[in-house]
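Reader: I am new to this structure and would be grateful for a close look at a single part of it. Please take one ligand site and describe its surroundings in a connected account.

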Amino acid sequence: MIFTTEKIEQFNALLANAKKVVITAHKSPDGDSIGSSLALYHYLTKEHDNVTICHPDVAPNFLHWMIGFDKVVPHQENESEVVQHMGEADLIFCLDYNSPGRIGRMDDLLAKSDAKKIMIDHHRDPAANFVDLMFSDPQTCSTAQLIYELMEARNDLDKIDNETSEAIYTGITTDTGSFRFSSVTPKTHEIAAHLINKGLNHSTIHENLFTNTENRIKLTSFALLEKLVVVRELQAAYISLTQAEQTRFDAQKGDTEGLVNQALSLEGVKMAVFFKESDGIIKISFRSIAAIPVNDMARNHFQGGGHRNASGGKFVGKIEDAISKFVTILPNFVEENKSHFE
Ligand code: 5GP
Ligand code: MN
């Protein structure tokens, strides 16, 4: 139980003393960072009249339908407004990230701010030193679930309206591969059941999240047909996409989301990696099953980190060199984690 009575009292005091509240979440927004931000926003605005959401950059198109999405101020597009909000804030929420390095160029604004800071997050190894109050639980599937549990701990479940419900459900759905991952617990389903009982239209949310464009389907098909490499003997697979290949299919933000999971779904494959050339660097996504700690590889070799089964990192250089590096370290990684690969 992370929402203890004592910590909820601290939360209440921080909120009651705050004139201006800003909600932040990590760079390259996903369904959980947007979902948890909007859920908290819809909730807090019922008791507080000055709440703003500031994110490092804009979320992919498949999340734009969410109620309140237009309330998010992206630093990348509206830097001066974000600087002003962060400067005036006296309470800042840090959602779905565990260290200031995850909010890109907003890290400076966070460091400079005198505001009190509250972290609500589910990533491992949180850096506690940059917040005043920390709600961190790596066992919980999503930050969106933690927002629900926060409302529950404050006896506020009756304040869940349609938009809050939609935001919580979206965060849970996207961070659990639609309720598939091992992070899903009976509690996760109980929350979903409660939201649906309150009238949430879950099937519309799935449609909104998983509708494809023609270009996206073609990009996915190309990646699987031409760019998938299976390293059978090491039970690994990887996919890479250069900038030119993405341009050929007019790839939009979010279009490669989930591609790495397709590689992971292969029979006999226990870890999968996706290399994506993006803005002059190589972004790398790692996924694994069972107890294979791909976050170790991300942290030790690719300046990243994340969850045991889903992590990310980067490589500065050419995409083929990133792939060679991975292929070179892979045998050792498999050897070190031999028991999980059997
Ligand atoms: P994705 O592959 O979807 O970009 O990221 C999967 C997960 O890996 C994210 O939820 C996040 O926890 C983690 N992650 C991705 N990129 C980074 C990174 O550059 N640094 C760290 N520490 N974690 C990352
Ligand atoms: Mn998350």
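Author: Sorted by class, the residues in the shell around ligand 1 comprise one nonpolar, eight polar and three charged residues. The model discussed here is a predicted one.

The residues that surround ligand 1 are Arg-102, His-123, Lys-283, Ser-285, Arg-287, Gly-304, Gly-305, Gly-306, His-307, Ala-310, Ser-311 and Gly-312. Three strands each supply at least two residues of this shell: strand S10 (281–288), strand S11 (305–306) and strand S12 (310–315).

Several polar contacts can be described individually. The side chain of His-123 has an N or O atom 2.8 Å from an oxygen atom of ligand 1. Arg-287 places a polar side-chain atom 2.9 Å from an oxygen atom of ligand 1. With Gly-305 the backbone takes part: a polar backbone atom of Gly-305 is 3.1 Å from a nitrogen atom of ligand 1. As for the cover that ligand 1 receives, it exposes 490 Å² when taken alone, and the protein buries 76% of that area.

The metal site may be described next. The manganese ion (ligand 2) is coordinated by Asp-32 (OD), Asp-96 (OD), His-122 (NE2) and Asp-175 (OD), at 2.2 to 2.3 Å. Along the chain, the donors of this manganese ion follow the spacing D-x63-D-x25-H-x52-D. Asp-32 belongs to helix H2 (residues 31–44), whereas His-122 sits in the loop between strand S5 (116–121) and strand S6 (133–136); the pair therefore ties together parts that are 90 residues apart in sequence. Asp-32 and His-122 are both buried.

The setting for these sites is a protein chain with 14 helices and 12 strands. The radius of gyration of the protein chain is 20 Å, close to the 20 Å that the globule rule gives for 342 residues, so the chain is as compact as a globular protein of that length. Its C-alpha trace spans about 55 × 40 × 40 Å along the principal axes. Of the 342 residues in the protein chain, 51% are buried.

Glu-226 lies in helix H9 (residues 214–226). Its relative accessibility is 52%, and Glu-226 therefore counts as exposed, the cut-off for this being over 50%. From Glu-226 to Ile-239 the separation is 13 residues in sequence and 9.0 Å in space, C-alpha to C-alpha.

Definitions and conventions: Residues numbered from 1 in each chain as written. Chains lettered and ligands numbered in written order. Predicted model: local features only at pLDDT ≥ 70, side-chain atom pairs only at ≥ 80, totals over all residues. Heavy atoms only, no water. Donors = N, O, S within 2.8 Å, 3.2 Å for Na, K, Ca; no water. Helix = DSSP H or I, 4+ residues; strand = E, 2+ residues; numbered from the N terminus. Buried < 20%, exposed > 50% of the residue type's maximum accessible area, 1.4 Å probe, protein only. Near = heavy atom within 4 Å. Polar contact = N/O pair within 3.5 Å; in protein donor to acceptor, adjacent residues only side chain to side chain. Areas by Shrake-Rupley, 256 points an atom, 1.4 Å probe, with all protein chains shown as cover. Nonpolar A, V, L, I, M, F, W, Y, C, P; charged D, E, K, R; others polar. Rg over C-alpha atoms; globule rule 2.2 N^0.38 Å.
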